[in-house]
Amino acid sequence: MNMQTTMTNKPEKPVHLSPWRRWRWLIWLILVAGVYTWAITGLHFTGLQESAGSVSKSIVHGLVNPDWAYVYNGSGEDLVSLIIQTLAIALLGTFVSALISVPFAFWAARGDHEWGHLRSGSGKIVLTLIRTFPEIVLAIMFIKAVGPGSYAGVLAVSIHSIGMLGKLFSEAIENMDRGAEEAIVSAGGNSPQVFMLATIPTIMPEFISYTLYRFEIAVRSASILGMVGAGGIGTPMIFAIQTRAWSRVGIILLGIVVMVLLIDTLSEQLRKRLI
Amino acid sequence: MTTPEIPQRSWSQRWHVKAVGWTVLLVALLVGSSRMTGVDVGMFFSNFDQFTNLLVRMSQPAWSYVPIIIQPLYETIQMAILGTTIGTVFAVPFAVLAASNLVHNQWLRGFIRLILDLVRTLPDLLLAAIFVAIFGIGSTAGVITLAIFSFGMISKLFYEVIETIDMGPLEAMESVGASKVTIIWYAVLPQIMNQFVSYFLYTLEINVRASTVLGYLGAGGIGVFLQRSLSEFDYGKTAVIILATLVVVMVIDGVSNHLRRVLL
């Protein structure tokens, strides 16, 4: 009996989608189509240069026949020396930046206090501002201050990296395990002791891991900062491109690819052992 | 009663060989690096007035420059959208081929991943410099640079997403004899679509940031004006450009973050 009644019961209302839900996909489609029309019609694709074909051919030729003589010639201006210089810029810049990022991270990390939102909010805004400030412009500004060369590159990397490292560090602080801190507090430790014995050891592996990750990125940016005169492999690269010395471009590209692959693999191995 | 066994520290643990070793290595690397790069803290502070002078001149933005840079700012966003889209279109098949749960041929997978790793090593400005040499000054070089850059990034993000999917629906369809394409369309795509779109938007954010400087080497967009203002030592204009870039990046980040939250 009971079963029959339930079976004959019809749903009181048919499932009814609101117009918004029913036509949502169409609205999205129109929006996306509009954005793409805007993007495509807005750009002026100046027809390919007539020389594009021959230039590409000579680039490929240069890449296939790299200028091996440039690899090492003892002048200090060769590929190996400049790659080492690039790595030095990245290493020093990342290290300095990691040190400066720590206070920024504690500034931007959200705490439990009520006034914490104002503090962490302002810290997050400052970090976003640093992150968005173009690294190239920073490099040019530091070139004005300390002259062209790798020193300007180190300064640019150290300041620019704060934006990202500070953000990653502050997130690590927000997500950290508070157990060790509570243990020190309950044993009667004061706040410097809590900081030194619980906070630092808990977040250190993550900080080091993020620093290594940022170092990978810094190696890439150090290799292009030279294009504006801030030292490293970028300077001969831009000269070689401007003078159309494609076999020179080929060997430098090869050098950068090998360097980045090696550093990425090394850093990945180290990070795997850390966490 | 036996005496409780006290854990013994080995010789290397007692003298912290590992920690000391790492510290010595790091200090040596840092000292070597600072020698190599000619870092001189004193010089930075003795020249600090030049730096502050620059900052002072930048703190007076030339607001009259704003209407002139609106069009190049649009161009920057358009370059980023097109570049990311073209990169994504090429990335999808590569991501499928690189996913270990879809492609069981180890050699093919390894080869595809090697290509992707190689593409990812190239910094964006380096690509821009080369493509400006090929295609000439203009946004074409910028779009192609961003396409290649996002191809490397998206293909990796995508294949990592594909590797996390639930294999149940795939096995169900395989057992009734569905073809590879049908399986991908009905069993793989629905599971990953939202994350794909989310990563697409994330890459778009990064590309908007990148495209603001590509023009520095002639690849179109606002960077062209950035380079011009810097070479004319017109730092008021530089400041306006940086502020405008900041606004654009934040708006794009905001829109994209909102969309990603709706999606996930």
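1. Basis. The model is predicted, so local features need pLDDT of at least 70 and side-chain atom pairs count only at pLDDT 80 or more, while totals for chains, interfaces and linings use all residues. Residues are numbered from 1 along each chain as its sequence is written, chains are lettered from A and ligands numbered from 1 in the order in which they are written, and side-chain values use heavy atoms, with hydrogens and water left out.

2. Secondary structure of chain A. Chain A holds 11 helices and zero strands. Helices (H or I, at least four residues) and strands (E, at least two) are DSSP runs, numbered from the N terminus.

3. Dimensions of chain A. The radius of gyration, taken over C-alpha atoms, is 28 Å for chain A, whereas a compact globule of 275 residues would have a value near 19 Å. The globule rule is 2.2 Å times the number of residues to the power 0.38. The C-alpha trace of chain A spans about 95 × 65 × 35 Å along its principal axes.

4. Of the 275 residues of chain A, 43% are buried, where buried means under 20% relative accessible area (1.4 Å probe, protein chains only). Among contacts (heavy atoms within 4.5 Å) with a separation of 6 or more in chain A, 70% are between residues 24 or more positions apart.

5. Ser33(B). This residue lies in helix α2 (residues 17-37) of chain B. Ser33(B) counts as buried because its relative accessibility is 6%. Not counting residues up to four places away in sequence, Ser33(B) touches Ala88(A), Leu91(A) and Leu92(A).

6. Aromatic pairs. Rings of Phe, Tyr and Trp (its six-membered ring) pair if their centres lie within 6.5 Å; planes under 30 degrees apart count as stacked, over 60 as edge-to-face and the rest as tilted. By this rule there are eight aromatic pairs over all chains. One of them, Phe169(A) with Phe207(A), is stacked, at 4.0 Å centre to centre and 10° between the planes. The pair links helix α7 (residues 150-174) and helix α9 (residues 191-225) of chain A, with the two residues 38 positions apart. Both Phe169(A) and Phe207(A) are buried.

7. A pair in chain B. Phe158(B) and Phe196(B) are stacked because their ring centres are 3.6 Å apart and their planes stand at 10°. Phe158(B) belongs to helix α8 (residues 139-162) and Phe196(B) to helix α10 (residues 180-214) of chain B, 38 residues apart. Phe158(B) and Phe196(B) are both buried.

Notes:
Buried means under 20% relative accessible area, exposed over 50%, partly exposed in between (1.4 Å probe, protein chains only).
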